[in-house]
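Here are some exercises to work through with the model open beside you. Try each task before you read its solution.

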Amino acid sequence: MTNAMTARVEKAVPRHPLWVRLTHWVNTGAFLALLVSGFAILLALPRLFWGETGANDALAWIVLPLPVNLEQTGWGRNLHFLAAWIFVLNGVLYGLVALASGHFLRRLTPERDQLHPRHIAADIRAHLRLTGSGAAGAGRYNVLQKLAYLAVILVLAPVMLLSGLTMSPGVTAAYPELFTLFGGRQSARTIHFLSAVLFVGFLLIHLWQVLANGPLDLMRGMITGRSARPKSGPAPSEEDPR
Amino acid sequence: MSDLTRRRLMLGSSALGIGGVLGGCELIESGPRRSGLYGLSDTLTLATQRFLLRDQPLVREFGREAISAVFPAINTTDPDNPDYRRSKAAEFSDWRLPVSGLVERPAAFTLAELRAMPARTQVTLHSCEQGWSAIGGWTGVSLSHVLASVGLKPEARFIVIRAVDGWWDSYDLFDALHPQTILAYGMNGGDLPVAHGAPVRLRVERQLGYKSLKYLASIEATDRVDGLGQGRGSMVSEMGFSWYAGI
């Protein structure tokens with residue numbers, strides 16, 4: 001082993017524990033399957049309604065500019081529900097380990113200094129400079145990143161799941177409260193779609209942030225668990241959260 | 001355990017729930033077969049919903065004012081079948097619904113005989129797998145009453161229903177004997193229109209619309225469905241849809 005290689009190995013620092021990497025990639029696969037199959041299911045009726053009822057003959061809230069296709073529902077539903085089971089079980093596993101290990105508190109909950117308005121403003125400016133928000137080099141996730149992760153985990157994913165279940169005649173027979181929660185089956189369908197749009201928005205920002213902050217090293221970190229950049233960089237100052 | 005389950009199934013709705021959960025094992029033995037990952041996910045969904053529905057709750061019922069002005073009619077809307085056309089011309093006076101298989105007293109009911117049985121009217125939300133939903137009012141006799149009147153044999157596990165237009169489907173007793181599973185001859189206060197399955201259609205309220213067959217032709221009680229057709233339990237399963245459509 002050459003000295004150079006030794007040096008590289010020594011420089012690699014732990015980034016993500018195994019359970020985070022596993023659940024991240026399982027989630028990636030399930031999410032993409034849900035996205036593709038959800039789109040296929042949507043094509044049977046690319047119209048959105050509010051309330052309990054809605055059909056081709058009814059007045060729609062939004063008519064999406066998509067071709068109507070009734071032939072994609074069968075495989076779409078099969079893949080959607082298989083992927084949904086994987087998404088949910090994987091998400092439950094992630095949530096339990098994240099809670100038990102303190103990951104939620106240590107890694108995802110913004111620290112007191114991060115919630116200072118000046119810090120948040122500086123973090124927004126850092127993102128808007130488009131030169132990289134410094135997520136990779138920082139010793140901790142930046143505050144926007146933390147808030148985005150928490151919003152997806154605590155709000156968006158549960159809304160996605162519950163609005164999906166509200167479309168199930170079996171589940172709503174057991175829990176008719178779901179109809180009350182969303183304001184009807186078609187409202188739940190519309191909210192399910194809007195949540196999917198937000199999820200895609202999150203995904204695009206997530207990918208942009210990866211590309212803007214040393215994608216190769218970040219991918220290495222999420223695959224092998226180790227990355228070249230120091231985990232604890234210079235302490236972020238109030239003016240420069242990076 | 002199996003005999004106890006069977007007897008409980010006959011007893012009443014709360015016991016039916018227990019029987020249904022235990023009956024899940026029998027579903028896997030003699031029920032529709034689907035291999036691979038989709039089979040696994042179907043089984044997970046079925047087992048979860050059987051647990052959630054173990055007390056056999058009813059689905060929501062609305063007042064008449066909630067009935068949708070337009071209720072879509074899809075798939076077959078007027079069967080192209082000589083017998084059906086003749087029967088329709090005679091206002092279904094010659095129509096018969098044979099109930100056979102694992103029953104003590106096989107019979108063929110006329111429309112008048114079904115109408116003379118205890119009627120149930122339910123205004124419910126119909127959910128189609130295509131994504132649309134509409135509210136309709138359905139009047140008919142519960143399938144459990146019809147099956148009781150012919151004496152369902154204890155070894156019966158599934159009810160196979162065939163329609164004039166070639167559709168067929170099967171239901172395990174958990175759903176077949178549910179109080180809202182009815183043979184509907186009326187819709188929104190009038191006779192069931194041809195487009196919606198006249199003279200009699202099925203309503204299975206806790207599953208998607210494709211389980212509520214139109215234009216009923218026959219009812220048969222069986223102990224297994226894995227030998228029917230391709231062994232998948234229904235016509236739509238053979239087209240790639242799930243046999244159980246509670247989701």
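## Getting oriented

Chain B holds eight helices and ten strands; helices (H or I, at least four residues) and strands (E, at least two) are DSSP runs, numbered from the N terminus. This is a predicted model, in which local features need pLDDT of at least 70 and side-chain atom pairs count only at pLDDT 80 or more, while totals for chains, interfaces and linings use all residues. Residues are numbered from 1 along each chain as its sequence is written, and chains are lettered from A and ligands numbered from 1 in the order in which they are written.

## Exercise 1: the sheet of chain B

Work out the order of the five strands in the open sheet of chain B, and find which strands stand at the edges.

**Solution.**

1. Begin with β1(B) (residues 96-101) and β2(B) (residues 107-110), which are antiparallel and share four bridges. Strands count as paired if DSSP finds at least two bridges between them. Val99(B) faces Ala107(B) of β2(B), and a hairpin of five residues links β1(B) to β2(B).
2. Next, β1(B) runs parallel to β10(B) (residues 216-222), with three bridges between them. Here Ser100(B) has Glu220(B) as its bridge partner.
3. Now take β5(B) (residues 158-163), which is joined to β6(B) by five bridges in the antiparallel sense. Ile161(B) lies opposite Asp169(B) of β6(B).
4. Put together, the order is β2-β1-β10-β5-β6 in chain B, with mixed pairing. The edges are β2(B) and β6(B) (168-172): each has a single partner strand, so one side of each lacks a neighbour in the sheet. On average, neighbouring strands of this sheet are turned by 20 degrees against each other, direction ignored.

## Exercise 2: a buried tyrosine

Is Tyr215(B) buried or exposed, and which residues does Tyr215(B) touch?

**Solution.**

1. Locate Tyr215(B) in the loop between β9 (201-203) and β10 of chain B.
2. Apply the cut-offs: a residue is buried if 20 or more other C-beta atoms, placed from the backbone, lie within 10 Å of its own, exposed if 12 or fewer, and partly exposed in between. Tyr215(B) has 24 other C-beta atoms within 10 Å, so Tyr215(B) is buried. In chain B, 49% of the 247 residues are buried.
3. List the contacts (C-beta atoms, placed from the backbone, within 7 Å). Leaving out residues up to four places away in sequence, Tyr215(B) touches Thr76(B), Pro79(B), Ala163(B), Val164(B), Asp165(B), Gly197(B) and Arg201(B).
4. Check the sequence separation too: Tyr215(B) and Thr77(B) are 138 residues apart in sequence, yet 9.5 Å apart in space, C-alpha to C-alpha.

## Exercise 3: where the chains meet

Describe how α3(A) and α3(B) pack, and which residues make their contact.

**Solution.**

1. Start with the whole interface: 28 residues of chain A and 31 residues of chain B take part. On the side of chain A, the largest share, eight residues, comes from α3(A).
2. Turn to the helix pair: α3(A) and α3(B) (residues 36-52) pack with axes 9 Å apart, at an angle of about 70 degrees. They are therefore roughly perpendicular, a label that covers 65 to 115 degrees.
3. Name the residues in contact: α3(A) gives Asn78(A), Phe81(A), Leu82(A) and Trp85(A), and α3(B) gives Leu37(B), Tyr38(B), Ser41(B), Leu44(B) and Thr45(B).

Conventions:
Two residues are in contact if their C-beta atoms, placed from the backbone, lie within 7 Å. Axes are lines fitted to C-alpha atoms, for helices over the stretch in contact, and angles run from 0 to 180 degrees between N-to-C directions. Angles under 35 degrees count as roughly parallel, over 145 as roughly antiparallel, 65 to 115 as roughly perpendicular and the rest as oblique.
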